[in-house]
Amino acid sequence: MSRAALYRLVFVAAGVALLELLCRTGVIDHLTMQPPSDMVRDLAVLLASGSMNKAMLKTFTNVAIAGALAVAFGVAFGVAIHGYRAVRQGLEPLFATYYAIPVYAFYPLLIILFGLGDLPQILIGFMLAVVAVIVNTLNGLDRVSRVLMKTARVYRLGPVATARKITLPSAAPYLLTGVKLAVAHAFIGVIGAEFIMSQTGIGYEISFAYNNFDNKIMYPLILLVLAASIAINSALSRWEQVLMRRRSRS
Amino acid sequence: MSTTHVSLRDVTRVYGAGALEHAVHALGPISLQLQKGEFFAVVGPSGCGKSTLLDLIAGLAPSSAGTIEFEGRAVRGTVPDGVGVVFQEDACFPWLTVTDNIAFGLREAGVRADELRRRLDHALDLMGLRDFARAYPAQLSGGMRQRVCIARTLVLQPRLILLDEPFGALDQQTRLLMGDELLRLWRDTGATVLLITHALDEAAMLADRIGVMSARPGRILDIVETGWPRDRDSRIVAEASFGEITGRLWRLLRGESLKALGKPAAEP
(Lines give C-alpha, C1' and ligand atoms only; values in the text may rest on other atoms or scores of the structure.)
Protein backbone atom coordinates (compact mmCIF):
# COMPACT_ATOMS: atom_id res chain seq x y z
CA MET A 1 0.00 0.00 0.00
CA SER A 2 1.37 3.43 -0.92
CA ARG A 3 1.90 6.09 1.72
CA ALA A 4 -0.84 8.24 0.15
CA ALA A 5 -3.31 5.34 0.31
CA LEU A 6 -2.36 4.71 3.92
CA TYR A 7 -2.96 8.37 4.84
CA ARG A 8 -6.31 8.21 3.05
CA LEU A 9 -7.33 5.10 4.97
CA VAL A 10 -6.22 6.60 8.28
CA PHE A 11 -8.14 9.82 7.54
CA VAL A 12 -11.39 7.99 6.70
CA ALA A 13 -11.02 5.55 9.61
CA ALA A 14 -10.41 8.45 12.00
CA GLY A 15 -13.56 10.22 10.75
CA VAL A 16 -15.68 7.10 11.17
CA ALA A 17 -14.19 6.42 14.63
CA LEU A 18 -14.91 10.01 15.71
CA LEU A 19 -18.51 9.69 14.50
CA GLU A 20 -18.87 6.38 16.34
CA LEU A 21 -17.52 7.99 19.52
CA LEU A 22 -19.79 11.04 19.25
CA CYS A 23 -22.85 8.82 18.71
CA ARG A 24 -21.96 6.35 21.47
CA THR A 25 -21.27 9.09 24.05
CA GLY A 26 -24.55 10.86 23.25
CA VAL A 27 -22.95 14.02 21.82
CA ILE A 28 -24.98 13.19 18.71
CA ASP A 29 -28.27 11.79 19.91
CA HIS A 30 -29.76 8.60 18.54
CA LEU A 31 -32.70 10.36 16.91
CA THR A 32 -30.29 12.39 14.81
CA MET A 33 -27.83 9.71 13.79
CA GLN A 34 -27.00 6.06 14.36
CA PRO A 35 -23.43 5.04 15.20
CA PRO A 36 -21.69 3.87 11.98
CA SER A 37 -21.34 0.31 13.35
CA ASP A 38 -25.14 0.15 13.77
CA MET A 39 -25.58 1.42 10.18
CA VAL A 40 -23.42 -1.44 8.90
CA ARG A 41 -25.33 -3.99 11.00
CA ASP A 42 -28.73 -2.61 9.91
CA LEU A 43 -27.62 -2.57 6.27
CA ALA A 44 -26.67 -6.24 6.52
CA VAL A 45 -30.08 -6.99 8.07
CA LEU A 46 -31.82 -4.95 5.37
CA LEU A 47 -29.96 -6.69 2.55
CA ALA A 48 -30.59 -10.13 4.07
CA SER A 49 -34.33 -9.43 4.43
CA GLY A 50 -34.65 -8.65 0.72
CA SER A 51 -37.18 -5.92 1.47
CA MET A 52 -35.20 -3.37 -0.52
CA ASN A 53 -34.33 -5.58 -3.47
CA LYS A 54 -36.99 -4.06 -5.73
CA ALA A 55 -35.97 -0.49 -4.85
CA MET A 56 -32.28 -1.30 -5.34
CA LEU A 57 -32.89 -3.01 -8.65
CA LYS A 58 -34.94 -0.07 -9.90
CA THR A 59 -32.46 2.59 -8.80
CA PHE A 60 -29.29 0.84 -9.95
CA THR A 61 -30.89 -0.07 -13.29
CA ASN A 62 -31.93 3.55 -13.85
CA VAL A 63 -28.49 4.84 -12.85
CA ALA A 64 -26.91 2.35 -15.25
CA ILE A 65 -29.25 3.38 -18.08
CA ALA A 66 -28.72 7.12 -17.44
CA GLY A 67 -24.95 6.67 -17.18
CA ALA A 68 -24.70 4.43 -20.25
CA LEU A 69 -26.86 6.79 -22.34
CA ALA A 70 -24.79 9.78 -21.22
CA VAL A 71 -21.53 8.02 -22.09
CA ALA A 72 -22.76 6.75 -25.46
CA PHE A 73 -24.36 10.04 -26.48
CA GLY A 74 -21.64 12.22 -24.94
CA VAL A 75 -18.78 10.38 -26.66
CA ALA A 76 -20.60 10.23 -30.02
CA PHE A 77 -21.53 13.92 -29.83
CA GLY A 78 -18.01 14.91 -28.77
CA VAL A 79 -16.50 12.96 -31.68
CA ALA A 80 -19.05 14.40 -34.11
CA ILE A 81 -18.46 18.08 -33.23
CA HIS A 82 -14.75 17.88 -32.49
CA GLY A 83 -13.65 18.75 -36.01
CA TYR A 84 -16.10 21.65 -36.45
CA ARG A 85 -14.49 24.70 -34.93
CA ALA A 86 -17.48 27.03 -35.42
CA VAL A 87 -19.89 24.56 -33.76
CA ARG A 88 -17.50 24.11 -30.84
CA GLN A 89 -17.02 27.84 -30.42
CA GLY A 90 -20.79 28.19 -30.30
CA LEU A 91 -21.37 25.37 -27.81
CA GLU A 92 -18.39 25.53 -25.46
CA PRO A 93 -19.64 28.59 -23.50
CA LEU A 94 -22.92 26.70 -23.00
CA PHE A 95 -21.04 23.65 -21.70
CA ALA A 96 -19.03 25.89 -19.37
CA THR A 97 -22.17 27.36 -17.78
CA TYR A 98 -24.28 24.19 -17.98
CA TYR A 99 -23.76 23.15 -14.37
CA ALA A 100 -25.07 26.51 -13.21
CA ILE A 101 -28.50 25.35 -14.39
CA PRO A 102 -30.54 23.59 -11.67
CA VAL A 103 -31.67 20.58 -13.72
CA TYR A 104 -34.21 19.59 -11.04
CA ALA A 105 -36.13 22.77 -11.83
CA PHE A 106 -37.25 21.00 -15.00
CA TYR A 107 -38.88 18.11 -13.17
CA PRO A 108 -42.50 19.42 -13.48
CA LEU A 109 -41.96 19.79 -17.22
CA LEU A 110 -40.49 16.27 -17.46
CA ILE A 111 -43.46 14.84 -15.53
CA ILE A 112 -45.88 16.64 -17.87
CA LEU A 113 -44.01 15.33 -20.90
CA PHE A 114 -43.18 11.80 -19.76
CA GLY A 115 -45.46 11.01 -16.80
CA LEU A 116 -44.53 9.64 -13.39
CA GLY A 117 -42.62 6.56 -14.56
CA ASP A 118 -38.89 5.96 -14.62
CA LEU A 119 -38.20 8.00 -17.75
CA PRO A 120 -38.11 11.51 -16.17
CA GLN A 121 -35.74 10.21 -13.46
CA ILE A 122 -33.46 8.64 -16.05
CA LEU A 123 -33.57 11.84 -18.08
CA ILE A 124 -32.50 13.95 -15.10
CA GLY A 125 -29.59 11.55 -14.49
CA PHE A 126 -28.73 11.71 -18.19
CA MET A 127 -28.97 15.52 -18.32
CA LEU A 128 -26.66 15.87 -15.34
CA ALA A 129 -24.13 13.38 -16.69
CA VAL A 130 -23.95 14.00 -20.41
CA VAL A 131 -22.15 17.34 -20.52
CA ALA A 132 -19.29 16.05 -18.34
CA VAL A 133 -18.81 13.28 -20.90
CA ILE A 134 -18.92 15.67 -23.88
CA VAL A 135 -16.43 18.08 -22.27
CA ASN A 136 -14.00 15.31 -21.36
CA THR A 137 -14.33 13.70 -24.79
CA LEU A 138 -13.46 17.01 -26.49
CA ASN A 139 -10.62 17.53 -24.04
CA GLY A 140 -9.22 14.07 -24.81
CA LEU A 141 -9.60 14.43 -28.58
CA ASP A 142 -7.80 17.79 -28.46
CA ARG A 143 -4.80 15.95 -27.05
CA VAL A 144 -4.53 13.31 -29.76
CA SER A 145 -1.22 14.04 -31.43
CA ARG A 146 -1.17 15.19 -35.05
CA VAL A 147 1.24 12.44 -35.96
CA LEU A 148 -1.28 9.78 -34.89
CA MET A 149 -3.90 11.44 -37.12
CA LYS A 150 -1.40 11.37 -39.99
CA THR A 151 -0.71 7.72 -39.23
CA ALA A 152 -4.44 6.99 -39.51
CA ARG A 153 -4.37 8.51 -42.98
CA VAL A 154 -1.31 6.44 -43.94
CA TYR A 155 -3.39 3.36 -43.06
CA ARG A 156 -6.25 4.87 -45.05
CA LEU A 157 -8.72 4.60 -42.18
CA GLY A 158 -12.15 6.18 -42.67
CA PRO A 159 -13.63 8.58 -40.09
CA VAL A 160 -15.36 5.85 -38.07
CA ALA A 161 -12.32 3.53 -38.07
CA THR A 162 -10.08 6.49 -37.16
CA ALA A 163 -12.32 7.31 -34.20
CA ARG A 164 -12.58 3.66 -33.12
CA LYS A 165 -8.96 2.64 -33.60
CA ILE A 166 -6.94 5.82 -33.13
CA THR A 167 -8.59 8.84 -31.57
CA LEU A 168 -10.78 7.21 -28.93
CA PRO A 169 -8.09 4.78 -27.69
CA SER A 170 -5.64 7.68 -27.64
CA ALA A 171 -8.09 9.80 -25.64
CA ALA A 172 -9.13 6.88 -23.39
CA PRO A 173 -7.77 8.29 -20.08
CA TYR A 174 -9.82 11.47 -20.62
CA LEU A 175 -12.87 9.50 -21.67
CA LEU A 176 -12.58 7.49 -18.49
CA THR A 177 -12.59 10.71 -16.47
CA GLY A 178 -15.83 11.54 -18.28
CA VAL A 179 -17.25 8.10 -17.45
CA LYS A 180 -16.36 8.53 -13.76
CA LEU A 181 -18.12 11.89 -13.66
CA ALA A 182 -21.06 10.44 -15.59
CA VAL A 183 -21.53 7.67 -13.03
CA ALA A 184 -21.37 10.16 -10.15
CA HIS A 185 -23.82 12.55 -11.85
CA ALA A 186 -26.16 9.71 -12.81
CA PHE A 187 -26.32 8.61 -9.16
CA ILE A 188 -27.00 12.19 -8.04
CA GLY A 189 -29.59 12.74 -10.77
CA VAL A 190 -31.53 9.51 -10.41
CA ILE A 191 -31.57 9.33 -6.60
CA GLY A 192 -32.31 13.05 -6.32
CA ALA A 193 -35.19 12.65 -8.78
CA GLU A 194 -36.55 9.72 -6.78
CA PHE A 195 -36.73 12.01 -3.76
CA ILE A 196 -39.14 14.36 -5.51
CA MET A 197 -40.91 12.50 -8.30
CA SER A 198 -41.07 8.78 -7.51
CA GLN A 199 -42.98 6.23 -5.47
CA THR A 200 -40.20 3.66 -5.63
CA GLY A 201 -36.40 3.40 -5.58
CA ILE A 202 -33.69 4.01 -3.01
CA GLY A 203 -34.15 7.79 -3.13
CA TYR A 204 -37.85 7.42 -2.39
CA GLU A 205 -37.15 4.90 0.42
CA ILE A 206 -34.61 7.25 2.03
CA SER A 207 -37.09 10.11 1.81
CA PHE A 208 -39.92 7.92 3.21
CA ALA A 209 -37.74 6.72 6.08
CA TYR A 210 -36.68 10.31 6.83
CA ASN A 211 -40.29 11.48 7.02
CA ASN A 212 -41.04 8.64 9.46
CA PHE A 213 -37.90 9.10 11.63
CA ASP A 214 -36.87 5.58 10.64
CA ASN A 215 -33.09 5.79 11.07
CA LYS A 216 -32.76 2.01 10.83
CA ILE A 217 -33.76 2.27 7.17
CA MET A 218 -32.54 5.74 6.22
CA TYR A 219 -28.89 5.55 7.29
CA PRO A 220 -28.23 2.03 5.98
CA LEU A 221 -29.65 3.09 2.60
CA ILE A 222 -27.48 6.21 2.55
CA LEU A 223 -24.53 3.95 3.37
CA LEU A 224 -25.53 1.61 0.54
CA VAL A 225 -25.60 4.48 -2.00
CA LEU A 226 -22.25 5.71 -0.72
CA ALA A 227 -20.68 2.25 -0.91
CA ALA A 228 -22.01 1.59 -4.42
CA SER A 229 -20.84 4.96 -5.74
CA ILE A 230 -17.39 4.62 -4.16
CA ALA A 231 -17.02 1.00 -5.38
CA ILE A 232 -17.84 1.91 -9.00
CA ASN A 233 -15.63 5.00 -8.89
CA SER A 234 -12.74 3.05 -7.37
CA ALA A 235 -13.01 0.37 -10.07
CA LEU A 236 -12.94 3.04 -12.79
CA SER A 237 -10.04 4.82 -11.09
CA ARG A 238 -8.12 1.56 -11.00
CA TRP A 239 -8.75 1.08 -14.72
CA GLU A 240 -7.64 4.68 -15.33
CA GLN A 241 -4.43 4.03 -13.38
CA VAL A 242 -3.69 0.94 -15.49
CA LEU A 243 -4.11 3.00 -18.68
CA MET A 244 -1.95 5.82 -17.35
CA ARG A 245 0.76 3.43 -16.12
CA ARG A 246 0.99 1.90 -19.60
CA ARG A 247 1.57 5.35 -21.07
CA SER A 248 3.87 6.89 -18.50
CA ARG A 249 7.58 6.64 -19.07
CA SER A 250 9.26 5.34 -15.96
CA MET B 1 17.54 -0.44 -66.56
CA SER B 2 16.17 2.03 -64.02
CA THR B 3 12.52 3.03 -64.12
CA THR B 4 10.88 6.10 -62.68
CA HIS B 5 8.99 5.19 -59.50
CA VAL B 6 7.98 8.64 -58.25
CA SER B 7 7.67 11.67 -60.45
CA LEU B 8 7.07 15.30 -59.49
CA ARG B 9 6.42 17.93 -62.17
CA ASP B 10 6.39 21.63 -61.24
CA VAL B 11 4.95 20.88 -57.82
CA THR B 12 4.26 23.84 -55.56
CA ARG B 13 2.59 24.26 -52.24
CA VAL B 14 1.10 27.56 -51.12
CA TYR B 15 -0.59 27.89 -47.73
CA GLY B 16 -3.54 30.22 -47.31
CA ALA B 17 -3.91 30.70 -51.04
CA GLY B 18 -7.47 31.99 -50.55
CA ALA B 19 -6.26 35.42 -49.46
CA LEU B 20 -3.27 36.34 -51.57
CA GLU B 21 -1.81 38.88 -49.15
CA HIS B 22 -1.65 36.17 -46.46
CA ALA B 23 -0.46 33.38 -48.77
CA VAL B 24 2.77 31.63 -47.82
CA HIS B 25 4.66 30.10 -50.69
CA ALA B 26 6.13 27.10 -48.88
CA LEU B 27 7.52 24.96 -51.66
CA GLY B 28 8.45 24.73 -55.28
CA PRO B 29 8.17 24.57 -58.11
CA ILE B 30 9.90 21.23 -57.81
CA SER B 31 10.47 18.67 -60.55
CA LEU B 32 12.09 15.42 -59.48
CA GLN B 33 12.23 11.75 -60.45
CA LEU B 34 12.98 8.94 -58.01
CA GLN B 35 14.16 5.73 -59.66
CA LYS B 36 12.77 2.39 -58.57
CA GLY B 37 14.88 0.91 -55.76
CA GLU B 38 17.05 3.96 -55.16
CA PHE B 39 17.80 5.59 -51.84
CA PHE B 40 17.18 9.31 -52.22
CA ALA B 41 17.77 11.84 -49.44
CA VAL B 42 16.62 15.43 -49.21
CA VAL B 43 18.53 17.99 -47.18
CA GLY B 44 17.78 21.66 -46.72
CA PRO B 45 17.71 24.51 -44.24
CA SER B 46 15.12 24.61 -41.46
CA GLY B 47 11.68 25.58 -42.67
CA CYS B 48 12.48 25.04 -46.35
CA GLY B 49 9.55 22.66 -46.82
CA LYS B 50 11.27 19.25 -46.59
CA SER B 51 8.46 17.72 -44.55
CA THR B 52 5.89 19.42 -46.77
CA LEU B 53 7.52 17.72 -49.76
CA LEU B 54 7.18 14.34 -48.02
CA ASP B 55 3.54 15.04 -47.13
CA LEU B 56 2.80 15.88 -50.78
CA ILE B 57 4.45 12.71 -52.10
CA ALA B 58 2.66 10.62 -49.44
CA GLY B 59 -0.70 12.11 -50.38
CA LEU B 60 -1.08 13.57 -46.89
CA ALA B 61 -1.40 17.11 -48.28
CA PRO B 62 -2.55 18.42 -51.65
CA SER B 63 -0.20 20.31 -53.95
CA SER B 64 -1.24 23.79 -55.04
CA ALA B 65 0.02 23.19 -58.57
CA GLY B 66 1.86 20.55 -60.57
CA THR B 67 1.49 16.78 -60.62
CA ILE B 68 2.83 13.95 -58.48
CA GLU B 69 2.79 10.38 -59.71
CA PHE B 70 3.62 7.14 -57.94
CA GLU B 71 4.00 4.11 -60.19
CA GLY B 72 2.46 6.12 -63.00
CA ARG B 73 -0.68 7.05 -61.06
CA ALA B 74 -1.48 10.55 -59.83
CA VAL B 75 -1.28 11.08 -56.06
CA ARG B 76 -4.32 13.07 -55.01
CA GLY B 77 -5.24 13.54 -51.36
CA THR B 78 -5.00 9.90 -50.22
CA VAL B 79 -1.98 7.77 -49.41
CA PRO B 80 -1.50 5.36 -52.33
CA ASP B 81 -1.34 1.62 -51.77
CA GLY B 82 2.30 0.52 -51.41
CA VAL B 83 3.51 3.66 -49.63
CA GLY B 84 4.82 3.51 -46.06
CA VAL B 85 5.66 6.54 -43.96
CA VAL B 86 7.84 6.85 -40.85
CA PHE B 87 7.54 10.17 -39.07
CA GLN B 88 10.04 12.08 -37.00
CA GLU B 89 7.67 12.24 -34.03
CA ASP B 90 6.87 9.23 -31.90
CA ALA B 91 3.95 7.65 -33.77
CA CYS B 92 3.70 4.47 -31.70
CA PHE B 93 0.22 3.75 -30.41
CA PRO B 94 0.77 3.99 -26.63
CA TRP B 95 -2.25 1.81 -25.82
CA LEU B 96 -0.92 -1.15 -27.83
CA THR B 97 1.97 -3.50 -27.09
CA VAL B 98 4.96 -3.65 -29.44
CA THR B 99 3.45 -6.73 -31.10
CA ASP B 100 0.05 -5.10 -31.60
CA ASN B 101 1.67 -1.90 -32.88
CA ILE B 102 3.62 -3.79 -35.52
CA ALA B 103 0.64 -5.95 -36.45
CA PHE B 104 -1.73 -2.97 -36.72
CA GLY B 105 -1.38 -2.39 -40.45
CA LEU B 106 -1.38 -6.11 -41.21
CA ARG B 107 -4.70 -6.53 -39.38
CA GLU B 108 -6.13 -3.52 -41.20
CA ALA B 109 -5.05 -5.04 -44.50
CA GLY B 110 -6.76 -8.33 -43.59
CA VAL B 111 -3.57 -10.39 -43.82
CA ARG B 112 -4.17 -14.07 -42.96
CA ALA B 113 -3.25 -15.13 -39.40
CA ASP B 114 -0.36 -17.44 -40.39
CA GLU B 115 1.14 -14.87 -42.75
CA LEU B 116 0.66 -12.16 -40.13
CA ARG B 117 2.53 -14.28 -37.57
CA ARG B 118 5.36 -14.95 -40.02
CA ARG B 119 5.84 -11.29 -40.93
CA LEU B 120 5.51 -10.21 -37.31
CA ASP B 121 8.16 -12.70 -36.14
CA HIS B 122 10.46 -11.61 -38.93
CA ALA B 123 10.03 -7.92 -38.05
CA LEU B 124 10.57 -8.53 -34.31
CA ASP B 125 13.82 -10.39 -35.03
CA LEU B 126 14.98 -7.96 -37.70
CA MET B 127 14.52 -4.91 -35.49
CA GLY B 128 15.82 -6.56 -32.32
CA LEU B 129 12.47 -6.23 -30.56
CA ARG B 130 11.85 -9.89 -29.75
CA ASP B 131 12.45 -9.46 -26.00
CA PHE B 132 10.10 -6.48 -25.90
CA ALA B 133 7.22 -7.96 -27.87
CA ARG B 134 4.79 -7.64 -24.96
CA ALA B 135 6.06 -4.28 -23.72
CA TYR B 136 4.18 -1.02 -24.17
CA PRO B 137 5.93 1.84 -26.02
CA ALA B 138 6.32 3.84 -22.80
CA GLN B 139 8.61 1.10 -21.50
CA LEU B 140 11.00 1.52 -24.45
CA SER B 141 13.75 4.03 -25.25
CA GLY B 142 13.25 6.61 -28.01
CA GLY B 143 15.37 4.56 -30.43
CA MET B 144 13.39 1.41 -29.77
CA ARG B 145 10.08 3.20 -30.23
CA GLN B 146 11.31 4.47 -33.58
CA ARG B 147 12.28 0.90 -34.47
CA VAL B 148 8.71 -0.17 -33.66
CA CYS B 149 7.42 2.50 -36.07
CA ILE B 150 9.86 1.38 -38.77
CA ALA B 151 8.87 -2.27 -38.22
CA ARG B 152 5.17 -1.32 -38.38
CA THR B 153 5.84 0.27 -41.76
CA LEU B 154 8.09 -2.47 -43.14
CA VAL B 155 5.82 -5.43 -42.32
CA LEU B 156 3.44 -4.09 -44.95
CA GLN B 157 6.25 -4.47 -47.50
CA PRO B 158 5.81 -0.99 -49.00
CA ARG B 159 7.32 -0.33 -52.39
CA LEU B 160 8.02 3.28 -51.46
CA ILE B 161 9.24 4.15 -47.95
CA LEU B 162 9.08 7.79 -46.91
CA LEU B 163 11.15 8.69 -43.87
CA ASP B 164 10.73 12.10 -42.25
CA GLU B 165 13.82 12.63 -40.09
CA PRO B 166 13.28 9.25 -38.44
CA PHE B 167 16.47 9.42 -36.37
CA GLY B 168 16.10 13.06 -35.35
CA ALA B 169 15.62 12.26 -31.67
CA LEU B 170 18.51 9.76 -31.41
CA ASP B 171 22.11 10.16 -30.31
CA GLN B 172 24.88 10.01 -32.93
CA GLN B 173 26.01 6.42 -32.28
CA THR B 174 22.46 5.09 -32.33
CA ARG B 175 21.82 7.00 -35.55
CA LEU B 176 24.79 5.33 -37.22
CA LEU B 177 23.63 1.89 -36.11
CA MET B 178 20.04 2.60 -37.11
CA GLY B 179 21.41 3.77 -40.46
CA ASP B 180 23.08 0.38 -40.89
CA GLU B 181 19.78 -1.35 -40.16
CA LEU B 182 17.98 0.89 -42.60
CA LEU B 183 20.51 0.18 -45.36
CA ARG B 184 20.17 -3.56 -44.74
CA LEU B 185 16.37 -3.32 -44.89
CA TRP B 186 16.55 -1.24 -48.07
CA ARG B 187 18.78 -3.84 -49.73
CA ASP B 188 16.61 -6.75 -48.53
CA THR B 189 13.27 -5.26 -49.56
CA GLY B 190 14.31 -3.55 -52.80
CA ALA B 191 11.99 -0.66 -51.93
CA THR B 192 12.53 2.92 -53.05
CA VAL B 193 13.43 5.11 -50.07
CA LEU B 194 13.01 8.86 -49.69
CA LEU B 195 14.73 10.17 -46.57
CA ILE B 196 14.12 13.70 -45.32
CA THR B 197 16.88 14.81 -42.98
CA HIS B 198 18.64 17.90 -41.69
CA ALA B 199 21.82 15.87 -40.98
CA LEU B 200 24.26 16.13 -43.90
CA ASP B 201 26.36 13.18 -42.70
CA GLU B 202 23.26 11.00 -42.45
CA ALA B 203 22.26 11.84 -46.02
CA ALA B 204 25.84 11.34 -47.26
CA MET B 205 26.10 7.92 -45.61
CA LEU B 206 22.71 6.53 -46.58
CA ALA B 207 21.70 7.88 -49.96
CA ASP B 208 22.53 7.12 -53.59
CA ARG B 209 21.48 10.65 -54.50
CA ILE B 210 20.90 13.70 -52.35
CA GLY B 211 18.57 16.52 -53.31
CA VAL B 212 19.71 19.83 -51.82
CA MET B 213 16.89 22.28 -51.20
CA SER B 214 16.95 26.05 -51.08
CA ALA B 215 15.55 28.20 -48.28
CA ARG B 216 11.76 28.78 -48.43
CA PRO B 217 10.13 28.44 -50.86
CA GLY B 218 12.05 25.17 -51.12
CA ARG B 219 13.35 24.24 -54.56
CA ILE B 220 15.86 21.58 -55.56
CA LEU B 221 19.15 23.49 -55.97
CA ASP B 222 21.25 20.52 -56.98
CA ILE B 223 21.36 16.75 -56.83
CA VAL B 224 24.53 15.20 -55.46
CA GLU B 225 25.37 11.62 -56.44
CA THR B 226 27.29 9.78 -53.71
CA GLY B 227 28.50 6.89 -55.86
CA TRP B 228 28.43 4.41 -52.95
CA PRO B 229 28.08 0.71 -53.71
CA ARG B 230 24.69 -0.78 -52.82
CA ASP B 231 26.34 -3.03 -50.24
CA ARG B 232 27.50 -0.36 -47.80
CA ASP B 233 27.29 0.43 -44.11
CA SER B 234 28.21 3.13 -41.61
CA ARG B 235 31.94 2.39 -41.94
CA ILE B 236 31.95 4.52 -45.09
CA VAL B 237 32.05 7.58 -42.85
CA ALA B 238 35.79 6.91 -42.57
CA GLU B 239 36.27 7.16 -46.37
CA ALA B 240 37.90 10.30 -47.75
CA SER B 241 35.09 10.75 -50.27
CA PHE B 242 32.55 10.87 -47.41
CA GLY B 243 34.10 14.12 -46.24
CA GLU B 244 34.08 15.41 -49.81
CA ILE B 245 30.37 14.70 -50.16
CA THR B 246 29.41 16.37 -46.87
CA GLY B 247 31.70 19.28 -47.77
CA ARG B 248 29.98 19.68 -51.10
CA LEU B 249 26.56 19.53 -49.47
CA TRP B 250 27.54 22.20 -46.97
CA ARG B 251 28.93 24.47 -49.71
CA LEU B 252 25.56 24.24 -51.44
CA LEU B 253 23.60 24.72 -48.25
CA ARG B 254 25.54 27.33 -46.28
CA GLY B 255 24.18 30.35 -48.09
CA GLU B 256 20.64 28.94 -47.97
CA SER B 257 20.92 28.22 -44.25
CA LEU B 258 22.05 31.81 -43.63
CA LYS B 259 19.12 33.03 -45.72
CA ALA B 260 16.77 30.89 -43.61
CA LEU B 261 18.20 32.58 -40.50
CA GLY B 262 17.58 35.99 -42.05
CA LYS B 263 21.29 36.74 -42.57
CA PRO B 264 22.88 37.80 -45.90
CA ALA B 265 24.05 34.81 -47.93
CA ALA B 266 27.37 36.52 -48.78
CA GLU B 267 28.45 36.70 -45.11
CA PRO B 268 31.94 35.15 -44.78
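Helices (H or I, at least four residues) and strands (E, at least two) are DSSP runs, numbered from the N terminus. By that rule chain A reads α-α-α-α-α-α-α-α-α-α-α along the sequence, with eleven helices and zero strands. The model is predicted: local features need pLDDT of at least 70, side-chain atom pairs count only at pLDDT 80 or more, and totals for chains, interfaces and linings use all residues. Residues are numbered from 1 along each chain as its sequence is written, while chains are lettered from A and ligands numbered from 1 in the order in which they are written.

**Chain A overall**
- The C-alpha trace of chain A spans about 70 × 55 × 30 Å along its principal axes.
- Of the 250 residues in chain A, 34% are buried (20 or more other C-beta atoms within 10 Å of the residue's own, C-beta atoms being placed from the backbone).
- Among contacts in chain A (C-beta atoms within 7 Å) with a separation of 6 or more, 74% join residues 24 or more positions apart.

**Domains of chain A**
- An automatic or database domain assignment divides chain A into domain 1 (1-33) and domain 2 (35-247).
- Their C-alpha centres are 28 Å apart.
- Seven residues of domain 1 are in contact with five residues of domain 2.

**Strand β6 of chain B**
- In β6(B) (residues 83-86), V83(B) and V85(B) on one side and G84(B) and V86(B) on the other are all buried.
- Strand β6(B) runs parallel to β7(B) (residues 160-164), and four bridges join them; pairing requires at least two DSSP bridges between two strands.
- G84(B) has I161(B) of β7(B) as its bridge partner.

Definitions and conventions. Buried ≥ 20, exposed ≤ 12 C-beta atoms within 10 Å, placed from the backbone. Contact = placed C-beta atoms within 7 Å.
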